[in-house]
Amino acid sequence: MAGQSRKWMILVATIWIQAFTGTNFDFSAYSSELKTVLGVSQVQLNYLATASDLGKLFGWSSGLALMYMPLWVVMFMSAFMGFFAYGLQWLVIRSIITLPYFLVFLLCLLAGCSICWFNTVCFVLCTQNFPANRPLAISLTVSFNGVSAALYALAADAINPSSDSLYLLLNAVIPLLTSIVALPPILRQPSLDPLPPDAVRRDSLIFLILNFLAVLTGVYLLLISSISSNATTSRLLFSGAIFLLVLPICIPGVVYAKNWFWRTVNSSFRLDGSGFILVDADDLELHKELITRSGSGYGNGISDIIKSNGSTHEIVRYNSVERESCCEKLMGKDQLVMLGEEHRARMLVRRLDFWLYYIAYFCGGTIGLVYSNNLGQIAQSLGNSSDTSALITIYSAFSYFGRLLSAAPDYMRAKVYFARTGWLSIALLPTPVAFFLLAASGSSGSILHASTALVGLSSGFIFAAAVSITSELFGPNSVGVNHNILITNIPIGSLVYGMLAAIIYDANIGSSLRMVTDTAVCMGTRCYFLTFVLWGSLSVIGLVCSVLLFLRTRHAYDRFEHNRISSQLY
């Protein structure tokens with residue numbers, strides 16, 4: 001029982017780490033001041049934003065470090081990398097020291113690397129302590145990474161609302177303090193025995209409760225973003241946010257009371273295995289075994305119907321002898337036969353499905369991340385610099401909701417079964433809508449807020465769902481390497497999209513020039529109009545690729561669900 005309690009303490013510690021280490025999301029809060037202090041152009045400022053994303057290319061080094069050092073040591077190495085990188089940038093922006101542009105670029109790179117190291121630590125903690133509910137643990141904890149910007153905005157307003165440079169100091173100090181607080185439960189990490197089926201089911205319900213608390217936290221942060229407050233009020237609001245983050249610590253008490261809960265409340269539920277996981281690792285292994293035994297399976301025009309408890313589950317594949325159009329041939333070319341098949345890197349890059357997935361991510365979630373990096377300049381160009389903090393909070397809160405929604409397919413599996421790649425297509429839909437609204441709206445503040453919310457919701461879902469999709473399509477054992485290959489699109493997209501926005505921004509300075517100290521600033525709707533049109537058009541390409549990926553993989557998901565139902569009935 002004590003071991004079960006400690007694992008929930010570790011989960012709460014992981015939530016805290018994720019909540020306070022998404023420091024790359026508040027770049028737009030201080031980017032305008034950093035640009036002024038360094039005296040650089042918008043293009044050069046974009047390089048600094050790209051450097052932070054470029055740190056993800058070195059995320060593999062955290063796995064190498066874990067091979068030779070304890071987990072807590074790697075965590076503190078992450079904290080000190082961030083302390084050093086952000087701390088020196090704070091000294092630069094305060095004009096205490098002077099550093100050349102190239103060294104500031106390297107500091108941004110180091111800061112991005114520290115975030116990847118923290119993410120690896122959290123992933124390992126979830127994997128070690130929740131093997132049966134790993135997707136739920138990872139989805140929940142990763143969601144809190146999306147709320148970091150809102151928390152830092154609250155903390156900055158509580159201390160000094162007029163200081164943008166304060167964000168850098170908070171980025172340096174808070175992750176280190178969080179690591180110190182998280183250290184005791186990590187050091188007392190229990191050795192857990194395999195859980196019986198009833199314990200796995202109870203843990204799944206506890207995750208459901210935690211997700212409700214997470215939604216409550218997001219709603220709170222979203223509602224207070226519209227409140228104009230002084231430092232005193234901001235301190236009270238920030239205290240409320242901290243309380244909501246501490247609230248899950250009561251989960252050990254829930255664990256002790258779980259037998260009573262199971263007898264009195266949950267007796268009406270019937271869950272097999274971990275009932276809230278769309279594609280479970282054990283189910284994947286059984287699925288692969290059934291596929292191997294069945295041989296050709298669906299290829300002969302068979303309609304499989306299974307009846308259970310009055311409900312009918314039907315999966316139909318039409319006869320392959322029928323005439324196929326060119327589109328059908330494209331859909332069938334090199335199509336995935338089953339989920340969970342392991343793909344090594346060389347095999348992965350030869351897959352059409354991988355490149356459809358790569359482009360969907362590149363033209364979807366990555367554009368959303370670049371948009372968040374430019375929020376400071378977007379607000380400034382529209383004459384709403386004071387609105388930057390609210391925009392950051394809105395993006396952060398809705399990114400958080402998007403990450404939480406990424407777990408919806410797992411919770412809804414019993415009632416609505418839909419391929420996760422289909423959910424990806426749905427999640428990408430708000431992004432082009434948002435950018436075309438921004439291009440058409442001019443300087444409308446309400447459209448800017450609504451579009452920021454849509455982009456945050458969409459990109460948050462993609463960031464959180466990507467690990468599960470990679471695991472299901474290309475194998476759970478290869479997910480570490482394959483997912484790192486996938487997210488190489490982030491630094492590439494950050495450079496390309498950011499450069500595109502910066503060139504258009506600088507080109508429009510001449511027609512709407514304003515001087516802020518010694519730095520030229522573009523003012524007016526023309527500064528980002530063409531950027532929004534181009535970003536919206538590119539996100540349509542991402543949406544099309546995601547739909548093609550869904551059409552090509554839905555049969556593999558249907559086959560998996562068919563085999564899962566068959567194994568339960570027979």
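Predicted model: local features only at pLDDT ≥ 70, side-chain atom pairs only at ≥ 80, totals over all residues.

Biologist: Is Glu472 buried or exposed?

Modeller: The cut-off for buried is under 20% relative accessible area. Glu472 counts as buried because its relative accessibility is 3%. Arg420, at 3%, counts as buried too.

Biologist: How many salt bridges does the structure hold?

Modeller: It holds two. Asp353 and Arg552 also meet in a salt bridge, at 2.6 Å from N to O. This pair links distant parts of the chain, 199 residues apart: Asp353 belongs to helix H17 (residues 352-362) and Arg552 to helix H27 (residues 526-569). Asp353 is buried, at 0% relative accessible area, and Arg552 is buried at 1%.

Biologist: How do I read an aromatic pair?

Modeller: Two values describe a pair of aromatic rings: the distance of the centres and the angle of the planes. The count here is 21 aromatic pairs. In one of them, the ring centres of Phe27 and Tyr30 are 5.5 Å apart and the planes are at 75°, so the pair is edge-to-face. Phe27 and Tyr30 are three residues apart in helix H2 (residues 27-38), which means about one helical turn separates them. Both Phe27 and Tyr30 are buried.

Biologist: Which residues form one aromatic cluster?

Modeller: Tyr371, Phe435, Tyr505, Tyr528, Phe532 and Trp535 do.

Conventions. Residues numbered from 1 in each chain as written. Heavy atoms only, no water. Salt bridge = Lys/Arg side-chain N within 4 Å of Asp/Glu carboxyl O. Helix = DSSP H or I, 4+ residues; strand = E, 2+ residues; numbered from the N terminus. Buried < 20%, exposed > 50% of the residue type's maximum accessible area, 1.4 Å probe, protein only. Phe/Tyr/Trp six-rings, centres within 6.5 Å; stacked < 30°, edge-to-face > 60°.
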